[in-house]
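Hi everyone, thanks for coming.

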Amino acid sequence: MVSSQFVASKNGEYFENFVGIMVPGLELTRGDIDAKLDDTDIEIKSCQFEVIDNSHNCGSRSGRFMFRDHQHELLKEKSGDYIFIVHRKGKPLLFFQAPATAVNLPQFSGTKSLSWRTLFIQLARRV
């Protein structure tokens with residue numbers, strides 16, 4: 001059986017390459033931050049539309065974006081952006097870019113997850 005972390009890693013790599021093709025001028029750097037677009041640092045995040053989760057009544061839940069504390073702080077300091085992709089079985093459904101400062105995460109260390117639905121609601125309220 002393949003671990004969910006392995007699948008998430010492969011999906012992340014796949015969608016970094018996808019964004020590299022789809023966004024003209026994007027330069028994949030694959031360092032602490034995934035890319036640059038003009039002079040803007042870009043971190044690319046992807047998640048599945050829905051995942052199986054038997055702890056929920058319906059047996060599934062919305063996919064989640066994973067954030068790393070040092071990346072998030074670095075992007076905010078440098079006025080960087082995220083590119084978010086929500087996909088179903090590797091096929092992109094939603095694709096958008098947002099400033100890191102618009103992503104409202106509580107102070108955290110290590111990693112923090114946020115469902116794509118929660119993130120969308122959060123960003124929609126800022127508009």
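I'll go through confidence, then the sheet, then the helices on it, and finish with the pocket.

First thing to keep in mind: this is a predicted model. The protein averages a pLDDT of 90, and 94% of the residues score at least 70. Which elements sit at the two ends of the confidence range, the lowest and the highest mean pLDDT? The lowest is strand 4, residues 50-52, with a mean of 81, and the highest is strand 2, residues 35-37, with 97.

We've got an open sheet of 5 strands, and if you read across it the order is 1-2-3-7-8, with mixed pairing. At the edges you'll find strand 1 (26-28) and strand 8 (91-99), each of which pairs on one side only. From one strand to the next, the twist averages 30 degrees.

Let's walk across it. Strand 1 and strand 2 run antiparallel, joined by 3 bridges. Look for L26 here, standing opposite L37 in strand 2. Next step over: strand 2 and strand 3 are also joined by 3 bridges, and they run antiparallel.

Then comes strand 7. How do strand 3 and strand 7 run, parallel or antiparallel? They run parallel, and 7 bridges join them. I42, for instance, stands opposite D81 in strand 7.

Now for the helices on the sheet. Helix 2, residues 69-77, lies across strand 3 (40-48) and strand 7 (81-88), running at about 140 degrees to strand 3. Helix 3, residues 116-126, packs on the sheet too, touching strand 3, strand 7 and strand 8. Its direction makes about 40 degrees with that of strand 8.

Last stop, the largest pocket. There's about 980 Å³ of space in there. It's lined by 30 residues, and the closest to its centre are S4, Q5, A8, S9 and M66. Helix 1 (4-22), strand 3 and strand 6 (64-68) are the elements that give two or more residues to the lining. Which of the elements gives the most? That's helix 1, with 9 residues. By class, the lining has 10 nonpolar, 12 polar and 8 charged residues.

How values were computed:
Residues numbered from 1 in each chain as written. Predicted model: local features only at pLDDT ≥ 70, side-chain atom pairs only at ≥ 80, totals over all residues. Heavy atoms only, no water. pLDDT = per-residue confidence, 0-100. Helix = DSSP H or I, 4+ residues; strand = E, 2+ residues; numbered from the N terminus. Pairing = 2+ DSSP bridges. Axes fitted to C-alpha atoms, helices over the stretch in contact; angles between N-to-C directions. Contact = heavy atoms within 4.5 Å. 1 Å grid on protein atoms, 1.4 Å probe; cavity = no way out; pocket = protein on both sides within 12 Å on 5 of 7 lines; lining within 4 Å. Points joined across faces, edges and corners; volume = space filled by probe spheres on them. Nonpolar A, V, L, I, M, F, W, Y, C, P; charged D, E, K, R; others polar.
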